[in-house]
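Good morning, and thank you for coming.

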2 protein chains.
Amino acid sequence: MTLQAKPTITVFERSPDEGKGLARDMRVRWALEEVGQPYEVRPVSFSAMKEAAHRTLHPFGQIPTYEDGDLTLFETGAIVLHIATRHTGLLPNDAAARARATAWMFAALSTVEPPIIELTNARILESDKPWSAERLPLVEERVRVRLADLSRRLGNANWLDGGFSAGDLMTADVLRRLTRSGLLGEFANLEAFVARAEARPAFKRAFEAQRSLFHRGGIV
Amino acid sequence: MTLQAKPTITVFERSPDEGKGLARDMRVRWALEEVGQPYEVRPVSFSAMKEAAHRTLHPFGQIPTYEDGDLTLFETGAIVLHIATRHTGLLPNDAAARARATAWMFAALSTVEPPIIELTNARILESDKPWSAERLPLVEERVRVRLADLSRRLGNANWLDGGFSAGDLMTADVLRRLTRSGLLGEFANLEAFVARAEARPAFKRAFEAQRSLFHRGGIV
């Protein structure tokens, strides 16, 4: 494949969270910062995301996408894995350790995040429904089960499996969605894990880059 | 890493779906059959899955796990990707096409499957709740939005991006969870996609191997 000097990612034109770093391009920005790869951003409006031109890049009409020469990718997992595979810094060299780091990426996205999204749906999309208050504890419990498993595995370690990897990046970014829910506070080691991740210089650069885009535009 | 002649996967000792091929080891069996890799299975009881010994292999106390010499993996996405990377037959040779096939694996597991799991939760875990009937259409609509996007992208093609890949395997297996919901029938090309996947000899061998394990045990 032909690669360009700087890949381009698409991001929200307006910030749904007012620049608090929860939009999913955060994961990609963070990975690019960890490996020291400069990148360009192309903001996309909510309506343009659902149009045919953007759907050519992203079948589900979402952000981020990743374009690098003739390669176009969607799905943050695939984009971060691609970045981690092409550069050093986000995956161990040992083949078995590398496969295990990839397992944590999949775990973050397909085991830990889905109940968190369900909780967000329950809190926001279903907040006006008659069942909202009664159902919320049930959905919170689904999240709590995953957090308890994750907390037990992490124990006193800094990261999930040896040194910091793309698996930790993805897991920490998924857990960040819980910071205002109170649930993360029930698991001190997970809260410390997220704080440790957010203290990384690459995270801070990515966060500031996402935030400043919205602020520069005078949007938030 | 040291590899053995035959990897070992863990599977349910008893079938929650009576051998209809919905347990998640199906994806791993299918991938192993596609690449012609023989394997061993080790059944695990529901209670043993939650115990410390199994949690060493799988932090979330689930099946399947994958053991090959000194490598232990969990998460079907990571296991199938590992198999696809080590053998020919499930990923294209071209690097860009390979990254795109990986994107479909992540899409299946983190974009398409989560609303399907939410629908299963609504149908089964919340079937006795007072909100069950009123809430169901809302959850079905979340699944329908994903299916419409997927259907639009697939169009008249046989597979999602060129030849059959691990991305198609994962997507088809995720969609199989909907076969009795009626939702898949609203999208003729997706129904045909699943039928095409299930017609593959490797799928049939994997399905039969999973089914016969339960029947041999006289469990179903």
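Into which domains is chain A divided? Before I answer, let me state that this is a predicted model. Chain A has a domain 1, made of residues 8-89 together with 202-216, and a domain 2, which covers 95-200. The centres of domain 1 and domain 2 of chain A, taken over C-alpha atoms, are separated by 21 Å. Their contact draws 12 residues from domain 1 of chain A and 12 residues from domain 2 of chain A. On the side of domain 1 that touches domain 2, at least two residues each are supplied by helix H1 (25-35), helix H4 (76-86) and helix H9 (201-216) of chain A. H1(A) gives the most to that side, with 5 residues. By class, this side of domain 1 of chain A consists of 9 nonpolar, 1 polar and 2 charged residues.

Ile9(A) has Tyr66(A) of E3(A) as its bridge partner.

Now to chain B, beginning with a hairpin. Strand E3 (residues 65-68) and strand E4 (residues 71-74) of chain B run antiparallel, with 4 bridges joining them. Asp68(B) stands opposite Leu71(B) in E4(B). The hairpin has 2 residues between the strands, and Gly69(B) takes a positive phi near 60° there.

The helices of chain B come next. How do H4(B) and H5(B) cross, and at roughly what angle? The axes of helix H4 (residues 76-86) and helix H5 (residues 95-125) of chain B come within 10 Å and cross at roughly 160°. Because angles over 145 degrees count as roughly antiparallel, H4(B) is roughly antiparallel to H5(B). Their crossing is right-handed. Gly77(B), Val80(B) and Leu81(B) of H4(B) make the contact with Thr102(B), Met105(B) and Leu109(B) of H5(B). The residues of this contact comprise 4 nonpolar, 2 polar and no charged.

H5(B) also packs with H6(B), at an angle of about 160° and with the axes 9 Å apart. H5(B) and H6(B) are therefore roughly antiparallel to each other. Is this crossing left-handed or right-handed? The crossing of H5(B) and H6(B) is left-handed. Among the residues that meet are Val112(B), Ile116(B) and Leu119(B) in H5(B), and Leu136(B), Val139(B) and Val143(B) in H6(B). By class, the contact of H5(B) with H6(B) has 9 nonpolar, 1 polar and 5 charged residues.

Finally, I come to the contact between the chains. It takes 34 residues from chain B and 34 residues from chain A. On the side of chain B that touches chain A, E4, H4, H5 and helix H6 (132-154) of chain B each supply at least two residues. Which element of chain B provides the largest share of that side? H5(B) does, with 15 residues. The side of chain B that touches chain A divides by class into 19 nonpolar, 6 polar and 9 charged residues.

Technical notes
Residues are numbered from 1 along each chain as its sequence is written. Chains are lettered from A and ligands numbered from 1 in the order in which they are written. This is a predicted model: local features need pLDDT of at least 70, side-chain atom pairs count only at pLDDT 80 or more; totals for chains, interfaces and linings use all residues. Axes are lines fitted to C-alpha atoms, for helices over the stretch in contact, and angles run from 0 to 180 degrees between N-to-C directions. Angles under 35 degrees count as roughly parallel, over 145 as roughly antiparallel, 65 to 115 as roughly perpendicular and the rest as oblique. A crossing is left-handed if the near helix is turned anticlockwise from the far one by less than a right angle, and right-handed if clockwise. Two residues are in contact if their C-beta atoms, placed from the backbone, lie within 7 Å. Ala, Val, Leu, Ile, Met, Phe, Trp, Tyr, Cys and Pro count as nonpolar, Asp, Glu, Lys and Arg as charged, and the others, Gly among them, as polar. Two strands pair if DSSP finds at least two bridges between them. Domain bounds come from an automatic or database domain assignment.
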